[in-house]
Amino acid sequence: MTDAMNSNKLTSAETSFAPLSITDKDFQRLVHFIKSNYGIDLTQKRQLITGRLSPAIRKNGYTNFSSFVDHLLKEKDPDEITLVLNKLTTNYTFFMREQDHLDYFRQHIIPNLVARHQRDKTLAIWSAGCSSGEEPYNLSMLLFDYLGSRASEWDLRILATDISEQALTAAKKGTYELPDTVPTEWRRKYFTPNANGSYTVSNAIRNNVIFQHFNLMDPIRFRRKFDVIFCRNVMIYFDQATKDALVRRFYDATVPGGYLLISYSENLSPRTPYHRVTTATFQK
């Protein structure tokens with residue numbers, strides 16, 4: 001999930017019918033359910049909830065929010081939960097986002113990791129909240145560029161997770177409209193052009209990313225601890241207590257000397273166990 005609830009604006013389809021009204025009680029029940037289970041704070045998003053969910057729940061046969069919320073909280077139907085998360089999260093991201101961040105990763109972090117792992121030649125990198133996949137593919141390209149012909153000797157596979165099944169489906173497909181910020185050489189090396197003007201990520205880069213559904217509110221119990229965790233433009237939508245708890249879980253899942261990178265629009269609490277290296281970049 002990246003840039004969840006980035007905007008309160010609704011599409012023309014969402015405004016073609018008057019949104020269903022939601023009572024204070026049902027609004028609070030829904031807000032509590034989403035926050036306690038997924039960390040997303042919707043307390044200021046009443047209009048977004050009614051605007052984006054109304055067409056979808058009407059389509060599913062509900063005539064009011066009360067019956068929908070009753071069923072959601074009682075049955076916890078995975079399809080309905082997916083519907084809510086997909087409608088209330090806007091997965092906005094793009095290649096080369098926060099370029100200075102990526103430059104620091106390429107110039108400082110990659111050389112550090114490569115020197116540290118000369119023996120096992122295995123890196124553990126996690127894109128937490130990968131959205132539609134541009135970030136983990138971007139990181140893979142930077143790694144392949146740095147190692148060149150030596151890349152085949154390394155296990156560089158990146159774990160990429162998101163709470164949105166819709167975003168993960170798009171990420172696995174790997175087809176994008178490329179912004180001008182993508183270097184011409186990268187277009188040639190790492191993408192295949194399509195007839196409609198879009199580009200599909202090459203098999204080598206796609207095979208380097210492992211996409212997986214994961215809720216950041218859950219315990220982090222992956223097989224290995226991570227050299228680097230990217231979690232950018234995700235925690236901005238969590239309250240401070242939720243953010244602090246997640247950062248502690250990240251810290252426990254990071255190897256000594258490993259890094260956490262957040263977005264430039266975020267910051268960590270002064271109580272964070274990580275040491276700040278530079279803007280939006282922290283080290284254990």
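Predicted model: local features only at pLDDT ≥ 70, side-chain atom pairs only at ≥ 80, totals over all residues.
**Exercise 1.** Determine how helix H1 is oriented relative to helix H2, and state which residues form their contact.

*Solution.* Begin with the geometry: H1, which spans residues 24-38, packs against H2 at an angle of about 90°, and the two axes lie 11 Å apart. Because angles of 65 to 115 degrees count as roughly perpendicular, H1 is roughly perpendicular to H2. Next, identify the residues that meet: H1 contributes Asp24, Phe27, Leu30 and Val31, while H2 contributes Arg46, Ile49 and Leu53. Finally, sort this contact of H1 with H2 by class, which gives five nonpolar residues, two charged residues and no polar ones.

**Exercise 2.** Classify the packing of helix H2 with helix H4, including the handedness of the crossing.

*Solution.* The crossing of H2 and H4 is right-handed. On the H2 side the contact is made by Leu48, Ile49, Arg52, Leu53 and Ala56, and on the H4 side by Leu83, Val84, Lys87 and Leu88. Seven of the residues in the contact of H2 with H4 are nonpolar and two are charged, with no polar residue.

**Exercise 3.** Describe the packing of helix H5 with helix H6 and the composition of their contact.

*Solution.* H5 covers residues 99-116 and H6 covers residues 134-147; they pack at an angle of about 55°, with their axes 10 Å apart. That angle makes H5 oblique to H6, and H5 passes H6 in a right-handed crossing. The contact draws on Leu102, Phe105, Arg106, Ile110, Pro111 and Val114 from H5, together with Asn138, Leu139, Leu142, Leu143, Tyr146 and Leu147 from H6. When the residues of the contact of H5 with H6 are divided by class, ten are nonpolar, one is polar and one is charged.

**Exercise 4.** Characterise the largest pocket by its volume and its lining.

*Solution.* The volume of the largest pocket is about 300 Å³. Its lining comprises 14 residues, and those nearest the centre are Arg157, Leu159, Ile210, Arg223 and Arg224. Turning to secondary structure, strand S2 (158-162) and strand S6 (209-213) each supply at least two residues of this lining. By class, the lining of the largest pocket consists of eight nonpolar, two polar and four charged residues.

Conventions. Residues numbered from 1 in each chain as written. Heavy atoms only, no water. 1 Å grid on protein atoms, 1.4 Å probe; cavity = no way out; pocket = protein on both sides within 12 Å on 5 of 7 lines; lining within 4 Å. Points joined across faces, edges and corners; volume = space filled by probe spheres on them. Helix = DSSP H or I, 4+ residues; strand = E, 2+ residues; numbered from the N terminus. Nonpolar A, V, L, I, M, F, W, Y, C, P; charged D, E, K, R; others polar. Axes fitted to C-alpha atoms, helices over the stretch in contact; angles between N-to-C directions. Parallel < 35°, antiparallel > 145°, perpendicular 65-115°, else oblique. Left-handed = near helix turned anticlockwise from the far one by under 90°. Contact = heavy atoms within 4.5 Å.
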